[in-house]
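Dear colleague,

Please find the structure below, together with its sequence. A description of what was found follows it.

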Amino acid sequence: MNSAGSRSAPRAGLWLFPALALGGFVLLTQQVLSRGPMTQADLPVHDLVTRQHSAALDAAMTAVSAVAQFPVSAPILFASAAILAIRRSSWAPVLACGIPLLLLSAVTVTAKVLIGRAGPDRTPGTLHVDGTAYPSGHAATAVVVALLFVALFAPERRRWRAVASCWVLLVGFARVYVDDHWLTDVAGGWLLGLAVAGTAIAVLRRTTESDSISPRA
């Protein structure tokens, strides 16, 4: 009885994390649509980040943005998962990456179209003008790819978690620096990515636990 209770607590925590991230995304989206208090930092942060430019930093942040985009990083993750699936003789890694990536793409594109927020390179703060700023697809993709990479290949290594976190932060900075997104666009992408990746990781861990305790013939 106590053993079952001790196992159920971590499982509940796995589902709580993506639920909180999804709630945060919904709240932030409401703030963006209503131009609420959470969006007030967008312009000051944008001005601070873009105040000083250099050729080297421009090139570096452009390269980061290029690598972080969905058509580049998503296939890399999927190919890595496919190799892992072959080695383990299991479809779980492929499904754990393929389904979240498809879901992330669908939700991101839908949100961009419905909200239509303009980025800093257009009229500040405008909505429903065929803009595609919110949420940041690069930021969302960076979170999903980084977290799933760690979950599949280095789940117990804190160093890789730190590397993944730094990559996510770097991508967020780059998207503001290259003048494509506001801070809340990036935050929205992060929250959406956390919701999707968190759900995928929870399902993956539950599947792994079920396989480990199932009776073998």
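Threonine 39 is buried, because its relative accessible area of 11% falls under the 20% cut-off. Please keep in mind that the model is predicted. This threonine is placed in the loop that joins α1 (2-34) to α2 (42-49). Its side chain reaches the backbone oxygen of glycine 36 at 2.7 Å. When neighbours within four places in sequence are left aside, threonine 39 is in contact with Gln31, Val32, Arg117 and Thr184.

Helix α3 (residues 55-68) and helix α7 (residues 158-177) have axes that come within 9 Å and cross at roughly 115°. The crossing of α3 past α7 is left-handed. On the α3 side, the contact is made by Leu57, Asp58, Met61, Val64, Ser65, Val67 and Ala68. On the α7 side, Trp167, Leu170, Val171, Phe173, Ala174, Arg175 and Tyr177 take part. Sorted by class, this contact has eleven nonpolar residues, one polar residue and two charged residues.

**Cysteines**

How many disulfides does the model contain? With a disulfide taken as a pair of cysteine sulfur atoms within 2.5 Å, the count is zero. Cysteine 97 has a relative accessibility of 0% and therefore counts as buried. Cysteine 166, in contrast, has a relative accessible area of 51%, so this residue is exposed, the cut-off being over 50%.

**Backbone features in the loops**

Most residues other than glycine have a negative phi, and most peptide bonds are trans.

- The peptide bond from tyrosine 134 to proline 135 is cis, with omega near -5°. Proline 135 lies in the loop between α5 (92-115) and α6 (137-153).
- Serine 89 is not a glycine, yet has a positive phi, near 55°. The residue sits in the loop between α4 (70-88) and α5. Serine 89 is exposed, because its relative accessible area is 68%.
- Aspartate 179 likewise has a positive phi in a residue other than glycine, with a value near 75°. Its place is in the loop between α7 and α8 (183-213). Is aspartate 179 buried, partly exposed or exposed? Its relative accessibility is 25%, which means that aspartate 179 counts as partly exposed.

With kind regards

Definitions and conventions
Residues numbered from 1 in each chain as written. Predicted model: local features only at pLDDT ≥ 70, side-chain atom pairs only at ≥ 80, totals over all residues. Heavy atoms only, no water. Helix = DSSP H or I, 4+ residues; strand = E, 2+ residues; numbered from the N terminus. Buried < 20%, exposed > 50% of the residue type's maximum accessible area, 1.4 Å probe, protein only. Polar contact = N/O pair within 3.5 Å; in protein donor to acceptor, adjacent residues only side chain to side chain. Contact = heavy atoms within 4.5 Å. Axes fitted to C-alpha atoms, helices over the stretch in contact; angles between N-to-C directions. Left-handed = near helix turned anticlockwise from the far one by under 90°. Nonpolar A, V, L, I, M, F, W, Y, C, P; charged D, E, K, R; others polar.
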